[in-house]
Amino acid sequence: MPYLPEDFLQQWSNRLVITLIIVACLDYWHRTRKQNGNLEASAAISPRKKEVDTTERNHRPSRLLDELEKKKVGGNETNDATKSLGKQSRASGEDVKLLAKPAKNKSAVSTILRKAAPNTKSADNVTSESNGNSLMQATTNDHPGMKAFHHWQDVETSLFRIYTLGRNDGVQVVPPYVPHSYRGTVPIFLDVTNATNIPMKVFWVNFQGRPIFKGDLGPDHRWTQTTWIDHPWVFEHAETQEVLLYYIPYRVIPTSGRVNTVSDDGTGQHKFSLVPPKDSQSPYWISVKDNVLPFPAVDNFGTFLLGITWTLEHMSRSLSPDDPSIDILHKYLRNIISNPGNTKYRRILVRSRNFAPIWQSALRGLLLAIGFVERGAFVELGCDQELPREWVQEVALLSYLLSKWKEEEQKDVVGRDQPEGYDGFGRQGFGRAGQMH
């Protein structure tokens with residue numbers, strides 16, 4: 001071991017002693033400060049605590065029972081005392097277990113206990129109001145309308161085809177596609193009816209992005225054309241060359257039990273009509289009538305029942321009747337019907353294991369139509385107040401229609417003919433020339 005001089009050891013000893021003294025002083029200072037803070041907090045709370053203790057002592061049910069025992073209970077006196085005790089017990093909010101002292105008149109005590117028992121339903125309501133911590137963001141139990149459903153339906157149907165209407169107010173319309181076609185193998189049979197008085201020209205956008213004239217489409221005539229997935233089409237005004245419609249098929253539309261989307265040769269069919277706009281002040285030259293995938297949603301779904309009916313039909317194209325999400329949704333609906341005043345059944349975490357598959361499928365349309373609103377990480381129905389009876393009846397109607405849909409689908413889904421390429425996206429290829437009828 002190397003030799004260390006005495007001066008060196010003395011210096012380090014002094015430093016160690018000084019460090020220990022500083023640490024002790026800091027520890028004492030922190031403890032003193034913490035004790036002073038606790039004393040100040042206790043002094044601030046004590047007046048309120050005394051007031052609460054005094055109130056509880058004045059309204060304590062056990063004290064009232066002692067007074068009732070001291071009195072000689074008569075007929076009318078017993079009833080009056082019992083009524084008074086019941087009122088004060090409810091006002092205090094104390095637990096019934098505090099009523100522990102025996103009373104001479106057993107019938108009077110049983111009456112007191114029965115009246116003092118807390119009302120769970122009213123207690124829940126009072127708690128939610130007094131705390132001021134409302135879980136539901138809505139402040140009234142008014143149906144939010146169909147705006148969210150309209151947005152969802154427009155997005156859902158755009159997975160199969162895109163309509164972009166030309167405008168008559170000078171606003172430039174951007175085509176909804178990469179402006180050229182691609183080669184592929186999945187065909188589409190296009191069936192378009194001109195139900196306006198506007199003569200039209202039909203163009204196909206080729207592989208280099210140039211419009212190729214395919215023919216004329218006069219008023220009250222049909223245009224039939226074999227095309228391919230992802231092939232853009234343009235309909236122009238024959239006289240003014242104004243663009244009336246950009247159209248592109250993205251996917252083959254599966255057929256359902258009520259709506260057929262298969263042409264005579266087994267090809268998937270996209271069928272729609274070009275019609276005058278409903279509003280004379282509309283900024284568009286024309287409108288589109290599509291019975292399979294209605295467009296736009298705001299013009300076709302004015303009530304929740306129309307939205308539910310179409311969504312159930314659309315579910316036949318994308319959802320199996322044996323999907324477990326359907327039974328889980330039934331449980332959610334039954335909980336709401338049975339407990340319209342309990343918000344925990346009407347405020348659902350979107351990413352939860354059970355609910356996420358529902359929200360990511362066509363079942364979302366049913367919930368949006370019935371009035372569910374997405375707010376952050378949750379979807380909510382109504383506000384903190386009990387759901388109105390009319391709204392509960394709408395939820396019950398949805399549950400019934402969903403059950404009937406499942407029963408019918410289980411019978412009809414077997415043996416249903418589907419168009420070529422209905423189960424995938426596919427790519428496009430060369431098509432034959434179209435013709436007007």
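Which residue takes a positive phi near 60° in the hairpin of strand 6 and strand 7? That residue is Gln241, in a hairpin that has five residues between the strands. The model is a predicted one, in which local features need pLDDT of at least 70 and side-chain atom pairs count only at pLDDT 80 or more, while totals for chains, interfaces and linings use all residues. Residues are numbered from 1 along each chain as its sequence is written, and side-chain values use heavy atoms, with hydrogens and water left out.

- Strand 6 covers residues 233-237, where strands are DSSP runs of E with at least two residues and helices are runs of H or I with at least four, both numbered from the N terminus.
- Five of the five residues of strand 6 are buried, a term that stands for under 20% relative accessible area, with exposed meaning over 50% and partly exposed the range in between (1.4 Å probe, protein chains only).
- In a regular strand, side chains alternate between the two faces of the sheet.
- On one side of strand 6 lie Trp233, Phe235 and His237, and on the other Val234 and Glu236, and both faces are covered.
- Strand 3 (residues 200-205) pairs with strand 6 in the antiparallel sense over five bridges, pairing being assigned if DSSP finds at least two bridges between two strands; within this pair, Phe203 has Val234 as its bridge partner.
- Strand 7 (residues 243-249) runs antiparallel to strand 6 and is joined to it by four bridges, with Leu245 standing opposite Phe235.

- Three strands form an open, antiparallel sheet in the order 10-12-11.
- Strand 10 (347-349) and strand 11 (373-375) stand at the edges with a single partner strand each, so one side of each has no neighbour in the sheet.
- Strand 10 pairs with strand 12 (residues 378-380) in the antiparallel sense over three bridges, and Leu349 stands opposite Phe378 of strand 12.

**Two helix residues**

- His150 lies in helix 6 (residues 147-158) and counts as buried because its relative accessibility is 14%.
- Leaving aside residues up to four places away in sequence, His150 touches Ala297, Val298 and Phe301, contact meaning heavy atoms within 4.5 Å.
- Ile22, found in helix 1 (residues 6-58), counts as partly exposed because its relative accessibility is 48%.
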